[in-house]
Amino acid sequence: MYQVKVLFERLIALVSLIVLSPIYLLLSLVIWLRLGWPVLFIQERPGLQGAPFRLIKYRTMLDSLDDDGKLLSDEERLTSFGRLLRATSLDELPELWNVVKGDMSLVGPRPLLMAYLPLYSTEQARRHEVLPGITGWAQVNGRNDISWPEKFALDVWYVDNWSLWLDIKIMVITLKKVLLREGIHSDGHATKPAFGKEEES
C-alpha cells in the first residue's frame, strides 16, 4: 500500500510541476533579482533509511560574510523577502522535483541534516523508515515551535500509524497552517536551533 502512495504522489508532483511552471519561472526571476544567483539552495539530506539525496529548495538567504570571510548568522542573512518565502512555504516548491525522482514523498518526516544521523537514539532514527516529506505530522503539530524530542516522537508516530487518510488530513491541515503562517519560526530565532544546541540557545 505504501508503494502505491509513493507512485501516486510522484504522478501528482509531476503534474504539479507542469501546471505550476509559470509560477516557478516568475519566482526564480524575483529571487534572482532580490537575492542573487543561484536561485536554488541544494543540500545533501538523509532520505529513506538515512541514504543521502540532494534536496532542492529556493534560496531565502543572502551570502553575506563577516570581516573574517565567514557567513553571517541566519538571522542576519535572512531578509524580509526570504521570511516571506518561508512563511508562505514557497521556498519548498522545488522539492516537488525530489518527489518526482523518488527521493521524497509529499507527506513524511522532514529531511533534516546529515550531521544529525549519529545523534539520534535508536527510536528517533526510525523516522527514516519511510521517505521524508515536504510536509509531515510534526509540521502540522507545531513545526518549529516544538522541541526536537517532541518533533521526533511525532515523526515516529507517523511511521507507526501511516494511512492514506492520515496523509490527506496532514495535507489539509498544512494548507490551513500555510495560510495562517503558523509555526514558521522558533521563539526568538529566524530558524530552529540546531539539534543538540537547543538548550544552549
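A salt bridge here is a side-chain nitrogen of Lys or Arg within 4 Å of a carboxyl oxygen of Asp or Glu. With that in hand, let's look at the structure above. It is a predicted model, in which local features need pLDDT of at least 70 and side-chain atom pairs count only at pLDDT 80 or more, while totals for chains, interfaces and linings use all residues. Residues are numbered from 1 along each chain as its sequence is written, and side-chain values use heavy atoms, with hydrogens and water left out.

**Salt bridges**

The rule gives a count of twelve salt bridges. Three of them are set out here:

| Pair | N to O distance |
|---|---|
| Asp91 and Lys57 | 3.5 Å |
| Arg59 and Asp63 | 3.2 Å |
| Arg126 and Glu123 | 3.6 Å |

The pair of Asp91 and Lys57 is joined by a salt bridge. It links distant parts of the chain, 34 residues apart: Asp91 lies in the loop between α4 (80-87) and α5 (95-101), and Lys57 in strand β2 (residues 52-58). Helices (H or I, at least four residues) and strands (E, at least two) are DSSP runs, numbered from the N terminus. Both Asp91 and Lys57 are buried, that is, under 20% relative accessible area, where exposed means over 50% and partly exposed in between (1.4 Å probe, protein chains only). These two also belong to a network of salt bridges that links Lys57, Asp91, Glu92, Glu95 and Arg110.

In the other tabulated pairs, Arg59 counts as buried because its relative accessibility is 7%, whereas Glu123, at 45%, counts as partly exposed.

A pocket is an open set of points on a 1 Å grid over the protein atoms alone, where a 1.4 Å probe fits, with protein on both sides within 12 Å along at least five of seven lines; lining residues have an atom within 4 Å of a point.

Among the lining residues are Met1, Val4, Phe8, Trp162, Leu164 and Met171. The elements giving two or more residues to this lining are α1 and α7, and α1 provides the largest share, five residues. By type, the lining has eight nonpolar, no polar and three charged residues.

Val4 sits in helix α1 (residues 2-19), and it counts as exposed because its relative accessibility is 52%.

Technical notes: Nonpolar A, V, L, I, M, F, W, Y, C, P; charged D, E, K, R; others polar.
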